[in-house]
Amino acid sequence: SWLAYNPAIADIYVMGKRDDGQVVLLVDSETDYDHNNVFEGEREQRTAIGEEYDEDGEMLERAFSGESVFTTDIVHDRWGSWISAYEPIRADDGHVIGVLGIDFPADRWERAMLNAVWGAMGQVGMGIIAILVVSGGHTFWRATIAQEREEADRAQQLRVEAEDKSKAKGDFL
C-alpha cells in the first residue's frame, strides 16, 4: 500500500467541483488508519465517488482557484482530525480541474509543534541563563575589583600612617 512508502501521510484523495459548485470526492484511497492490514469499518473504507465534502471550505476554495495550500488549522471530519495540503490539478490549458488532497494526522502535527515550541523555549531559556551568568560574572568581577581597590587604599592609608608615626617618633627622639 502507499502507506508503506510514507507512513506519515494518513490519506490521499482527489476532489472536484460539480457545476453547482459543490465539492465532491472523486478518488479516495482506502486507508488503514490503525495499521492492522485490514480495511474495516466506515472510517477505513473507500469513499463513494461523488460524495459531497463540506469541510475546510476556504482552503479548498483557494486550491480550486489555483493556489497550493498547506493549512495548519486542524480539520475534523468523520475520518478523524487532520492537517491538510491541497494542490490544484490542471488541464493542458492551465485551468484547474480538481484538487489533490493529502492529510497528515493532527496528533503528529500537534506533537511536532509542541516539540518545536519546547525547543524554542529551551533555547530562549539557555540564552537567559547565559545572560544571567555573564551579568552575574560581570557584577562579581566589578565587586572583586572594588574590594581590591578598597584593600589597596586601606593598605596605602596604613602605610602612610605608619610612615607618619615613624617620622613623629624620629622627630621626638
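Which residues form a nonpolar patch on the surface, with about 290 Å² of accessible area together? They are Leu26, Val27 and Ile49. To belong to such a patch, a residue needs over 30% relative accessible area and no salt bridge, with nonpolar side chains (Val, Leu, Ile, Met, Phe, Trp, Tyr) joined within 5 Å and like charges joined within 9 Å. The areas come from the Shrake-Rupley method with a 1.4 Å probe, and for residues only the protein chains shown count as cover. Ile49 sits in the loop between α1 and α2, and at a relative accessible area of 72% Ile49 is exposed. The scale here runs from buried (under 20% relative accessible area) through partly exposed to exposed (over 50%), using a 1.4 Å probe and protein chains only.

Before going on, a word on what you're looking at. This is a predicted model, so local features need pLDDT of at least 70 and side-chain atom pairs count only at pLDDT 80 or more, while totals for chains, interfaces and linings use all residues. Residues are numbered from 1 along each chain as its sequence is written, and side-chain values use heavy atoms, with hydrogens and water left out.

Now the overall layout. Of the 173 residues in the protein, 25% are buried.

On to the inside. The largest nonpolar core has 14 residues, and Met15, Val23, Tyr53, Leu60, Phe64, Tyr86 and Val99 are those with the most contacts inside it. Who supplies this core? β1, β2, α2 and β6 (96–105) each put in at least two residues, and α2 gives the most, with four. A core of this kind is a set of buried Ala, Val, Leu, Ile, Met, Phe, Trp, Tyr and Cys residues joined through side-chain atoms within 4.5 Å.

Next, the charged pairs. Searching the whole structure turns up four salt bridges, each being a side-chain nitrogen of Lys or Arg within 4 Å of a carboxyl oxygen of Asp or Glu. One of them joins Glu61 and Lys17, at 2.9 Å from N to O. Glu61 belongs to helix α2 (residues 57–64) and Lys17 to strand β1 (residues 11–17), so this pair ties together parts that are 44 residues apart in sequence. Glu61 is partly exposed at 38% relative accessibility, and Lys17 is partly exposed too, at 35%.

Arg18 and Glu52 also meet in a salt bridge, again with 2.9 Å from N to O. Arg18 lies in the loop between β1 and β2 (23–28) and Glu52 in the loop between α1 (41–44) and α2, so parts 34 residues apart in sequence are tied together. Glu67 pairs with Arg62, their closest N and O atoms being 2.5 Å apart.

Last stop: a patch of negative charge on the surface, where Glu148, Glu150, Glu151 and Asp153 gather. Asp and Glu count as negative and Lys and Arg as positive, with His and the chain ends not counted; each charge is placed at NZ of Lys, CZ of Arg, CG of Asp or CD of Glu. Glu151 is found in helix α3 (residues 106–172) and counts as partly exposed, at 47% relative accessibility.
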